[in-house]
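This briefing covers selected local features of one chain.

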Amino acid sequence: MFAVALLLAAVLTNAADIVNAALAGRTNTAFVIEGLNLTDKPPLTFTFTLMTPGVPGGLHLLDRTSTSVSNMFAVGDVLRAEGRIDISRHGVFVPACEKIAVVGHRPTPPPVDASVSDVAAGRFDFRPVRVRGTVHETFHDEIDADWSFIVLNGDNDRLTVAIRRNTDSRAKYERLTGA
């Protein structure tokens with residue numbers, strides 16, 4: 001009975017604790033976490049980010065399941081991820097998911113007002129933000145026509161914003177730039 005209680009206590013359920021365990025290199029530390037999925041296309045294959053309390057930029061997780069996260073989950077899905085702290089193929093300690101399931105759906109939060117410097121520093125990664133700045137440049141990707149970019153100046157910093165074709169943001173981009 002005592003051993004079972006110790007095993008249950010080792011499962012992390014708080015995003016900040018999961019991040020700290022990964023930073024400390026505590027491999028095989030188990031976790032179970034729920035959070036809101038805010039992106040329909042993850043930035044890297046086999047990764048995704050959950051918005052959870054305690055980690056302002058979101059909890060970045062490595063997908064070690066046999067599925068492709070980008071094809072399974074919609075924006076607004078509440079996901080439950082279970083896994084362990086592991087070492088990625090790049091030698092970095094990461095929360096690696098062994099099981100991911102949709103447990104609900106809710107509206108995404110409204111955008112947060114942020115400065116160009118805050119966004120450039122990654123303080124609001126994968127979160128809806130509203131940024132004010134001066135448009136320095138706009139351009140289309142030369143290799144992948146589905147992407148366009150706006151370069152903003154503000155707060156003595158510069159931010160490049162990527163915009164995918166066929167999104168609400170793309171329509172706003174085209175109105176802004178006339179392109």
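A polar contact is a pair of N or O atoms within 3.5 Å; within protein, one must be able to donate a hydrogen and the other to accept it. The model is predicted. In it, Asn14 caps the N-terminal end of helix α2, with a side-chain oxygen 2.8 Å from the backbone nitrogen of Ala16.

**Helix α2**
- Helix α2 spans residues 15–23, and its residues Ala15, Ile18, Ala21 and Ala22 are buried.
- Seen down the axis of α2, the buried residues fall within an arc of 125°, so they line one face of the helix.
- An α-helix has 3.6 residues a turn, so residues three or four places apart point the same way.
- The strands against which the buried residues of α2 pack are β1 (30–37), β3 (59–63), β4 (77–87) and β5 (93–105).

**Hairpin of β9 and β10**
- Strands β9 (residues 147–154) and β10 (residues 157–164) run antiparallel and are joined by 8 bridges.
- Trp147 has Arg164 in β10 as its bridge partner.
- The hairpin has 2 residues between the strands, and Asp155 takes a positive phi near 55°.

**Aromatic pair**
- The structure holds 1 aromatic pair.
- Phe139 and Phe149 form this pair, which is stacked, at 5.0 Å centre to centre and with 20° between the planes.
- The pair links distant parts of the chain, with Phe139 in strand β8 (residues 134–140) and Phe149 in strand β9, 10 residues apart.
- Phe139 is partly exposed, with a relative accessible area of 31%, whereas Phe149 is buried, at 15%.

Terms used:
Residues numbered from 1 in each chain as written. Predicted model: local features only at pLDDT ≥ 70, side-chain atom pairs only at ≥ 80, totals over all residues. Heavy atoms only, no water. Pairing = 2+ DSSP bridges. Helix = DSSP H or I, 4+ residues; strand = E, 2+ residues; numbered from the N terminus. Phe/Tyr/Trp six-rings, centres within 6.5 Å; stacked < 30°, edge-to-face > 60°. Buried < 20%, exposed > 50% of the residue type's maximum accessible area, 1.4 Å probe, protein only. Arc of directions from axis to C-beta. Contact = heavy atoms within 4.5 Å.
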